[in-house]
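Reader: I would like to learn how to read a few local features. Please take them one at a time.

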Amino acid sequence: MIIECTDVTRRYTMGERDVTALRGVSFGIEQGDFAAITGPSGCGKSTLLHLLGAVDVPSTGTVTVSGRRTSSMSDREATDFRLRHIGFVFQRFYLLPTLTAVENVELPMAEAGVARGVRRTRAAELLDYVGLSDRAGHRPTQLSGGEQQRVAIARALANAPPLLLADEPTGELDADTGASLLELFGRLNRDGTTLVFVTHDPVVAGAARRVIALRDGRLVTPQPTAP
Amino acid sequence: MRFTLALATLTRHRARTILAVAGIAVASALLLDMVMLATGMSDSFRSLLLTRGYQLRIAPKGTLPFDSEATIDGASAIVAALRASPRIVQVSPVLGATLTIDSSRLASSFVLGLEAAVQGDYTVEEGRDLPAAPNALAKNGREGRTSVPNDIDVIDGVVSSAFLERGGHRIGDTISVASGVDAQLRAVSRTASVRIAGRGRFFYIPAETPVMALPLASVRSLLGPRYTDRISLAMAEARGGDSVSVEEARAWIARTQPRVTAISTETAIRQVEERLSYFRQLALVLGAISLGIGFLLVSTLVTLSVNERRGEIAVMRAIGTRKGAILRQTMLEGLMLSGTGIAAGLLLGVLTARWLNTILRDFPGLPASFDFFVWSADAAVRATLLLLVSGTLAGLLPAWRAASMPVARALREEAVG
């Protein structure tokens, strides 16, 4: 299993309100899986994705990714773990507007200390993989939403992570662009990357091989967990 | 990459960055000017006193140079003793007086009687200097006021620009000077013809004051027998030139010449610094204010930039950018902002200091060679270091906030926002 969640609960404060986003969630995801986390708005999907991505830790329970328990990592360990083991794609793309597409893709490699020449070559290869080799020198404002999301995917793949997490990746895209993006996800998965994405759209969730449905912070249907 | 990102962040909002840099430049210029002002006056005074290398001023007992009309009697013996001392390299006696002037728009002028070969009061800027052999013209003083210039008796003099301008004279003119109008002296009037041989810049005399330098012997003759062996002060150069040698020479003079007071340049500077402490305090307060303004400008702009980029920073952290890298990048932004502002501020500071110096130097009563703002690399380095430290500290808090941002919470808030 690449991901194991055991009895995960997550509480936090939002403004003056205490929120319990997840309540006793347990499931596992196999290496090479292609899973969608679905559910209505506010059901805890993004919170779960943050826990899987080691940007957050559970209030109780455990999350283990690639054999490492996220709650026992220091901030630095978690950062390095994310850098090398996890790729993130966000709904709003979050490309750095002052960098070109190729520079955005290079960023995680620069953080990992990859030599300039090597990272420039790999960034070009990744842009080619997502079908944007002719847009390498463009800044995000010069790209369409779909193109920006493809650059964000190339960036997420920069350090060849075994796990790719995406939060509403088609949320800001029209139906056709969203569909082509899901095709790209399918290709990525076939090429060996484990993919977990969050969506509230059942149609989009249908592109995944497996669906993890949440409601009010709980799993709707029991999921297979680690033996 | 870090530098590229920091630069890119600053250029994202060009107008805002330019305005902030301009603000920092103004604050830097003000700080540089205040540092220059705080140190410039005493540096300028020191440089003024040491213009010709004389580190000791010898005045009548209990007085400061030209602080009163008191003179030193028996000056020849004192000057001879000083010149004979192995502690002293050179002595320049000076006798000051006010003489009336005929055939001029000036009614009177301050006159310095000097020995041209050793004088340390002026430098000739145009024309000729005084003759090197002063005693040759001692006979010039004549009884009475029947002064028709006679070529043989004409004394050469060096005058200030103010003398030429206010008297309506040119180099080469011959004028008539007279003494003995002082009721206290009850001296018989004496006159002499003076040919204006040259124009000089007098170091210790205000630029707007008409002044004339004449040979010491001639001035003594003009003032009459009472002044035959008198001087107002003497300047002396101690052998070695270091503060220990100067102090030894000063102590020796104090011990062997009971009728005079010897003041070293350092002592004079200390006395002046005490009088200038108000200026220094003002400069320090204004400097501190400008430093505070620079700090707030950098801090505000970097905080604003960090707040605007919360989502971006959270994403960078999520994709694996370390806390330290965010801290360094944000601080680099502050430093780049400060650095550019400081560079522009140094240039602006030098220009405004020159302009302000020109205005302040026009204050009446200031020596012509006195400056309020003196450029020194030391002042610039001090101001730059202060500003860089301030800029670094100003960026530190927002940088720390950016680096310590809880990633999940920031992402959540961004998603909600």
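**Cysteines, cavities, phi and salt bridges**

Author: Start with a cysteine: at 2% relative accessibility, Cys5(A) is buried, because buried means under 20%. Keep in mind that this is a predicted model.

Reader: Is Cys43(A) buried or exposed?

Author: Cys43(A) counts as buried, at 1% relative accessibility.

Reader: How many disulfides does the structure hold over all chains?

Author: Zero, over all chains.

Reader: Next, cavities. What is the general idea?

Author: Rolling a probe the size of a water molecule over the atoms shows where empty space is left. Here, a search of the whole structure finds five cavities of 30 Å³ or more.

Reader: What volume does the largest cavity have?

Author: About 80 Å³. Its lining includes Thr9(B), His13(B), Arg16(B), Ser305(B) and Glu333(B). Four elements of chain B each give two or more residues to this lining: α1 (2–12), α2 (14–49), α8 (277–308) and α10 (323–361).

Reader: Which element gives the largest share of that lining?

Author: α8(B), with three residues. By class, the lining of the largest cavity has four nonpolar, four polar and two charged residues.

Reader: What lines the second largest cavity?

Author: This cavity has a volume of about 60 Å³. Among its lining residues are Arg82(A), Phe88(A), Pro108(A), Asn159(A) and, from chain B, Ile319(B). In chain A, α2 (75–85), β6 (86–89) and α5 (145–156) each give two or more residues to the lining. The most come from β6(A), which gives three. The classes are eight nonpolar, two polar and two charged residues.

Reader: Now backbone angles. What should I look for in phi?

Author: Most residues other than glycine have a negative phi, and most peptide bonds are trans. Ser66(A) is not a glycine, yet its phi is positive, about 50°. Ser66(A) sits in the loop between β4 (60–65) and β5 (68–69) of chain A. At 32% relative accessibility, Ser66(A) is partly exposed.

Reader: Where is Phe93(A)?

Author: Phe93(A) is in the loop between β6 and α3 (101–111) of chain A. Its phi is also positive, near 65°, in a residue other than glycine. Phe93(A) counts as buried, with 8% relative accessibility.

Reader: With which residue does Arg135(A) meet in a salt bridge?

Author: With Glu147(A), at 3.3 Å, N to O. Arg135(A) is in the loop between α4 and α5 of chain A, and Glu147(A) in helix α5, twelve residues apart.

Reader: Which residues do salt bridges that share partners join into one network?

Author: Glu125(B), Glu126(B), Arg199(B) and Arg201(B).

Key:
Residues are numbered from 1 along each chain as its sequence is written. Chains are lettered from A and ligands numbered from 1 in the order in which they are written. This is a predicted model: local features need pLDDT of at least 70, side-chain atom pairs count only at pLDDT 80 or more; totals for chains, interfaces and linings use all residues. Side-chain values use heavy atoms; hydrogens and water are left out. A disulfide is a pair of cysteine sulfur atoms within 2.5 Å. Buried means under 20% relative accessible area, exposed over 50%, partly exposed in between (1.4 Å probe, protein chains only). On a 1 Å grid over the protein atoms alone, a cavity is a set of points where a 1.4 Å probe fits but cannot get out, and a pocket is an open set with protein on both sides within 12 Å along at least five of seven lines; lining residues have an atom within 4 Å of a point. Grid points are joined across faces, edges and corners, and a volume is the space filled by probe spheres set on the points. Ala, Val, Leu, Ile, Met, Phe, Trp, Tyr, Cys and Pro count as nonpolar, Asp, Glu, Lys and Arg as charged, and the others, Gly among them, as polar. A salt bridge is a side-chain nitrogen of Lys or Arg within 4 Å of a carboxyl oxygen of Asp or Glu.
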